[in-house]
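Hello,

Here is the structure I promised to pass on to you. Have a look at it first, and my notes follow below.

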Amino acid sequence: MNKSKSKIVLLIVITTSLLLSFCSSSQTPEPAPNPTPTYNFAKGADVGWLSQMEATGYRFYDADGTEKNCLQLLKDRGMNTIRLRVFVNPSNDRINGHCSKDETVAMAVRAKNLGMRVMIDFHYSDSWADPSQQNKPAAWASHSFTTLLTDVYNHTFEVLTALKTAGVTPEWVQIGNEIPGGMLWPEGNSTNFGQLAQLLNKGYDATKAIDPTIKVVVHIDQGNNNSRFRWFFDNARTFNVKYDVIGLSYYPYWLNSDYTATIADLQNNLNDMVTRYNKEVMVVEVGGDFTLVQNTKDMLTATINAVRNVPNQKGLGVIYWEPEGEKTWSGYQLNCWQSNGKPSLALDAFRN
């Protein structure tokens, strides 16, 4: 090839390259795809006894014998959420009392400072509220139904305001605790679902007035019992109860059977709640016999998997009820702690 032809070829190559570069730079670049949102599954513990355990001198230890903050021990085992109950005017009984507004705020701040998420569980009672008892606070005992509606709103708003002032906005707020029979008996008994619905909606309204992004939970027990859940939440739909999440308790121990006999029913019920009511679901209470370490670990693993398997990531999480409540302190069989102050190996189910 002679020199003149070489120059022509070189000129063509350079010109082509410049044109390609200009066309490329003049086009709007394709936007980067949005990253897939992280499925932030809640793994947690209800620790309403913790401040009393500490006040009575109970010590918590890691596997190597090092004394450590209980919340840190739970976090080290994969937990990212703390659930706290609230009583209205509780006694100082170490087992059946405490959990006042101020105590709840203090523990919620500790949890937040460890980077943990917070759920608040309103009992609307001075002590335990559950399917067998839904006693009105003593200060509300003589109030009319109309006044009870105001009581629920004001108490909910007051506690959540105190939390927000302390820098904690809960991710979830539970209106009532295990309420298949309703709450604030007799006025809020589920045999009068219209009145129960009004009470629940007052709690919802107070919560959303604090922050509309807080998810409101309505919670009943026997999470494997689909007919129980359909009856309750069909009524909730009929009477226009406002809520975001269906909360379930799951305790094979209280069902007098091994978890293997009911875990499939739990899965089916979780899936049905999502399909039937278009709500998210969450096991807000679970527990197993502390003496059956491997069985409890296997049950927890199965429960976590069941909630994770709910379609479209509508299974939000699993919370163990009072794992730190070691038997010699609490008398509670379904704790998940050892008598030497160390966590049970069953809690390793939350690491995954």
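Buried means under 20% relative accessible area, exposed over 50% and partly exposed in between, with a 1.4 Å probe and protein chains only. Please keep in mind that this is a predicted model, in which local features need pLDDT of at least 70 and side-chain atom pairs count only at pLDDT 80 or more, whereas totals for chains, interfaces and linings use all residues. Residues are numbered from 1 along each chain as its sequence is written, and side-chain values use heavy atoms, with hydrogens and water left out.

First, the overall picture. The chain has ten helices and eight strands, and 51% of its 352 residues count as buried. Of the contacts with a separation of 6 or more, 76% are between residues 24 or more positions apart. The accessible surface is about 15800 Å², with 53% of that belonging to carbon and sulfur atoms; these areas come from the Shrake-Rupley method with a 1.4 Å probe.

Now to helix α6. Its 18 residues (193-210) reach 26 Å from the first C-alpha to the last, close to the 26 Å expected at 1.5 Å a residue, where the expected span is 1.5 Å times one less than the number of residues. Buried residues in α6 include F193, L196, L199, L200 and Y204. Among the elements covering the buried residues of α6 are α5, β4, β5 (215-220) and α7.

Next, the cores. A nonpolar core is a set of buried Ala, Val, Leu, Ile, Met, Phe, Trp, Tyr and Cys residues joined through side-chain atoms within 4.5 Å. The largest one has 95 residues, and those with the most contacts inside it are V47, L74, M183, F233, Y243 and I246. Leaving aside neighbours within four places in sequence, Y243 touches Y204, V216, V218, F233, A236, Y277 and K279. There is also a second, separate core of nine residues, including A42, V284, L316 and I319.

On to charges. A search of the whole structure finds 21 salt bridges, each a side-chain nitrogen of Lys or Arg within 4 Å of a carboxyl oxygen of Asp or Glu. One of them joins R117 and E171 at 2.8 Å, N to O. R117 lies in strand β3 (117-122) and E171 in the loop between α5 (145-165) and β4 (172-175), so the pair ties together parts that are 54 residues apart in sequence. R117 counts as buried at 13% relative accessibility, and E171 as partly exposed at 32%. D234 and R237 also form a salt bridge, with closest N and O atoms 3.3 Å apart; being three residues apart in helix α7 (226-238), they are separated by about one helical turn.

Finally, which residues are linked in a network of salt bridges? They are D46, R83, R85, D121, E285 and E322. E322 is found in the loop between β8 (315-321) and α10 (327-330), and is buried with a relative accessible area of 0%. Its side chain makes a polar contact (a pair of N or O atoms within 3.5 Å; within protein, one must be able to donate a hydrogen and the other to accept it, and residues adjacent in sequence count only if both atoms are side-chain atoms) with the side chain of R85 at 2.9 Å. Not counting residues up to four places away in sequence, E322 touches D46, V47, G48, W49, R85, Y332, N335 and C336.

Best wishes

Key
Helix = DSSP H or I, 4+ residues; strand = E, 2+ residues; numbered from the N terminus. Contact = heavy atoms within 4.5 Å.
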